[in-house]
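Student: I would like to learn how to read a protein model feature by feature. Could we go through one together?

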Amino acid sequence: HWLSTLTSLGYTFPPPCPLAPSTTLAYPHTPTSPSCPHWPDMELLLPIPPREFDFNEANTWLLPSIRVFWPREHCRLMFLTDGEKPGVKEFSRRLVEAGRQACDNVRVVLNEAVKDLRGHDRQQFLMFYADNYTTAEYVGFIDTDAVASQRVTKQDLFDKDGRPIVRAMFGTDMSGPPGWWWKVPASTAKTVGQPEPFRCMSYFPVVIKVAHLREMREHIMRVVQATSFEEAFRTHMGNISIQYSQFNIMCAYLWYHHQDDYQWYVTRRIPSYTWPVPPGAVASLEAAGVTEEMLAPRPNVMLHWNYEQYRHEDDGLRRMLCTGVCASMAQTDASPAFCAKFDRSAVNGYVFTFESLSLTESTSSEVLAKAQQDRQQQVDLCPHRWHRDAIAALRCTLDVVLTAQPGATT
């Protein structure tokens, strides 16, 4: 069945532990500032198979970064894992224990559908059915190797009208034909029925209005003339001979059918296509209908760590996280000593890159600095509880921060 929780196995979750005052690092803010609005009803969803490798990724990369940068009181996290696998009860207990280091509201949901789909395809399939697992108005999709790179605020995920923000990318990466990403637009176009406008494996979390998921499934079924979404997925996506991206498919559907319900930001790769336009892709920004306002730079708040060049640097994760702390924190007497000489006005390249692809090639450093400064001003007005133990665990030093090279990649 679709919805199964640990309670069906007889497991009772302990209540969340209250935060001790000694774990927070306070500094002056304006708690009632109109620039710090209430968060919409959103739950983060992390599909995770019950394997040690995936647990270690989440526990080493994702959760420590969320603990530092995500406002705990607004962190609702659902782990979606395979209910039929041996040892899933103990695995689920460990997930809850690890998750509550970062979030107050954590739960595990057991899935028993499409057991024969291989791991990656099963995870992608379940994202299309997130409405079966959450009662929240919005769902935010993340991966085990997603890493927060700076403080996360409501304004990073939703615009002033409460619409989810999409950070899309136009143009291919450097692989060209017959690269994996070069083949993806064809499957997107076939399932959505219109050319793929963007690559949307370009940011985390991918926030979608939950009500749109059912409409999306029904639309895809009509386009490919399938009697069920499972049939559509197995035939046109979850097939070993097909390259597809669930986020590109979701993004294309939303662009064509719910564009006004989202705030769109589009990064343009320069040159947009170093190879012929991929089959199934929109040939130009003009053809896609992208406006000049959509091309404004927008700092990211998370990286895809397995695919970042920084992952291969000595102490790369620690340097990125320490830089994020200093970039996120206004300079006050309560600021950590390792941030004393940090220049917040310098462009932080960690927030203008994703999967080692630069999001800055078509934008001057002055424009990037202005976008970063505007965001910092909003961030500085919002209260945030900095956890001393979480920051201490990073082992940040003045040397670590000053030797970090967060320049934008190419």
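Predicted model: local features only at pLDDT ≥ 70, side-chain atom pairs only at ≥ 80, totals over all residues.

Student: How many helices and strands does the secondary structure of the chain come to?

Tutor: Helices (H or I, at least four residues) and strands (E, at least two) are DSSP runs, numbered from the N terminus. Here there are 13 helices and 14 strands.

Student: What percentage of the residues in the chain is buried?

Tutor: Buried means under 20% relative accessible area, exposed over 50%, and partly exposed in between, with a 1.4 Å probe and protein chains only. Of the 410 residues in the chain, 58% are buried.

Student: Which residues touch the most other members of the largest nonpolar core?

Tutor: A nonpolar core is a set of buried Ala, Val, Leu, Ile, Met, Phe, Trp, Tyr and Cys residues joined through side-chain atoms within 4.5 Å. The largest one has 118 residues, and those touching the most other members are Trp 70, Phe 141, Phe 198 and Val 325. Contact means heavy atoms within 4.5 Å, and, leaving aside neighbours within four places in sequence, the contacts of Val 325 include Val 68, Phe 338 and Trp 386.

Student: Which residues of helix H2 are buried?

Tutor: In H2 the buried residues are Val 88, Phe 91, Ser 92, Leu 95, Val 96, Ala 98 and Gly 99. They cover an arc of only 165 degrees around the axis, so they lie on the same side of H2; the arc is that of the directions from the helix axis to the C-beta atoms. What covers these buried residues includes helix H1 (52-69), strand E4 (76-82) and strand E5 (105-111).

Student: What is the volume of the largest pocket, and which residues are closest to its centre?

Tutor: Rolling a probe the size of a water molecule over the atoms shows where empty space is left. On a 1 Å grid over the protein atoms alone, a pocket is an open set of points where a 1.4 Å probe fits, with protein on both sides within 12 Å along at least five of seven lines, and lining residues have an atom within 4 Å of a point. Grid points are joined across faces, edges and corners, and a volume is the space filled by probe spheres set on the points. The largest pocket has a volume of about 590 Å³. Of its 25 lining residues, the closest to the centre are His 120, Gln 124, Asp 143, His 304 and Tyr 307. The largest share of the lining, 5 residues, comes from H3.

Student: Is Arg 122 buried or exposed, and where is Arg 122 found?

Tutor: Arg 122 is found in helix H3 (residues 119-127), and its relative accessible area of 3% is why Arg 122 counts as buried. Leaving aside neighbours within four places in sequence, Arg 122 is in contact with residues including Asp 82, Glu 84 and Val 114.

Technical notes
Residues numbered from 1 in each chain as written. Heavy atoms only, no water.
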